[in-house]
Amino acid sequence: MRVEQLRGGWVEAVHEVHIAVVDATGRLVARTGDPELVTFWRSAAKPFQALPLVEDGAAERFGLTSEELALACASHSSEPGQVARVRELLGKIGCSERDLLCGPHPPLSDRVAQDYQTRGVRLTAAYSNCSGKHAGMLALARHHAWPTEFYTRLEHPVQQRCLAEVSRWTDVPVADIRTAVDGCGVVCYGMPLKNMALAYASIGRDAGCGMRDAPPPNPSRISHPASRVVEAMLRHPDLIAGEGRPCTEMMRAHPGRVITKVGAEGVYCALLPHEGLGVALKVTDGHAIASALAMAAVLEELGLRPRPTSLAARPNVNTRGETVGEMRVKGGLEQ
C-alpha cells in the first residue's frame, strides 16, 4: 500500500506506508511493507499512558468522568468545550494551568485556529492538544504523593510508571524501548509497529471485546481497568480529536466498532474491538493526511465499510480554489 499524490493525472509524489495488523495473541494477521519497522509511537501511545490513572486508583479517587478519561487519551482540537473539561479535571486534583508543562500551540483544527485568531484568543497550556494527557499525569502524581514539578522528565516516577505500562502492553522490555522527548515535553517510545498493534489488540481483549456481534463495553460491568479506557474512547469520539478531524470522523462512521488514534509524523493506530484486531501504521515521510487516508483504507479492507467520504481521497486544490489533482490510496494489505 502507498498513498499517491496526483496532479493533472500524473503521480508527482508517493508516500510509502508500513502496516501491521495483529490479534491479541500477537499473530500477524496482515501487513504492508515492514511490520517490524521501529518508529516513535508519539500520541498514539496516549491510551496506555492513561491506563495507570484507572489501575492505580487515581480515576476513582478524584471522580474522573468518562469524558475526562477520553481527554487523557486525546489529541484534541482545543475546542472550547474540550479546554473547559481539561480545566475542570485540573480543579478536581488541586492543580491549575500553571502546573501544566505542555506548551501552547495553534489548534490542530484549522477551523478552531482561524476562529481563535480572529477573536484574539490568548492560547495557554490548556489549549495544547496534549493537555488532557498532562492533566492525567498530574492526577497520577497527586494520587501517589509524587512531586508535580518536572513530571515530564524520564526519571520522574510518573514517566517511569507510564514506561512500565507501555512495556507491559507492547511486550517490549523497558530496556529495549527507545525513549526520547515528545512534542509536548513528556517521554515518547520507539518500538516496532507490530508491538504497537499488539497493545491495541490486547487492550480490546482485556476490555472484554473480541466478539464480532458484541456490544461496546458496558461501564456498569467493568471487569478490567482497560474497560474504562476503551469505553471512554468509544463513547466520546468528539473528544478524542474534534469536529472535522479524521479520528473523530472514522469513529463516528462506525459507532462502537473502532477506536482510531493519530500519533505524529505519519503514525496511526486503531483497535477493532469486535474483530479483536490492533492496527499500527507509519507513513515513512511523516505525511499526516496520507496516514489518515491509509488508515481509513485499512479499516475498510478489514470490514468497516464504507470509509468516510472525506477520507476516500483528498482533492489537491491550488491557491485559486481549483481542484488540480488528488491524493489517494493505492494497493492493499498482504495476508
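Because the model is predicted, local features require pLDDT of at least 70 and side-chain atom pairs pLDDT 80 or more, while totals for chains, interfaces and linings use all residues. Residues are numbered from 1 along each chain as its sequence is written, and side-chain values use heavy atoms, with hydrogens and water left out.

**Cavities**

A search of the whole structure finds 2 cavities of 30 Å³ or more, a cavity being a set of points on a 1 Å grid over the protein atoms alone where a 1.4 Å probe fits but cannot get out, with lining residues having an atom within 4 Å of a point. Volume is the space filled by probe spheres set on the points.

| Cavity | Volume | Lining residues |
|---|---|---|
| Largest | about 40 Å³ | P47, F48, Y200, I203, V230, M233, I259, L271 |

Two or more residues of the largest cavity's lining come from each of helix 1 (46-55), helix 8 (193-206) and helix 9 (225-235), helices being DSSP runs (H or I) of at least four residues. That lining has 8 nonpolar, no polar and no charged residues, whereas the lining of the second largest cavity has 4 nonpolar, 2 polar and 1 charged residues, with Ala, Val, Leu, Ile, Met, Phe, Trp, Tyr, Cys and Pro counted as nonpolar, Asp, Glu, Lys and Arg as charged, and the others, Gly among them, as polar.

**Helix packing**

Helix 4 (residues 80-92) and helix 6 pack at an angle of about 5°, with their axes 10 Å apart, the axes being lines fitted to C-alpha atoms over the stretch in contact and angles running from 0 to 180 degrees between N-to-C directions. The two helices, helix 4 and helix 6, are therefore roughly parallel to each other, a term for angles under 35 degrees. Their contact (heavy atoms within 4.5 Å) is made by V86, L89 and L90 of helix 4 and S131, G132, A135 and L138 of helix 6.

Note on methods
On a 1 Å grid over the protein atoms alone, a cavity is a set of points where a 1.4 Å probe fits but cannot get out, and a pocket is an open set with protein on both sides within 12 Å along at least five of seven lines; lining residues have an atom within 4 Å of a point. Angles under 35 degrees count as roughly parallel, over 145 as roughly antiparallel, 65 to 115 as roughly perpendicular and the rest as oblique.
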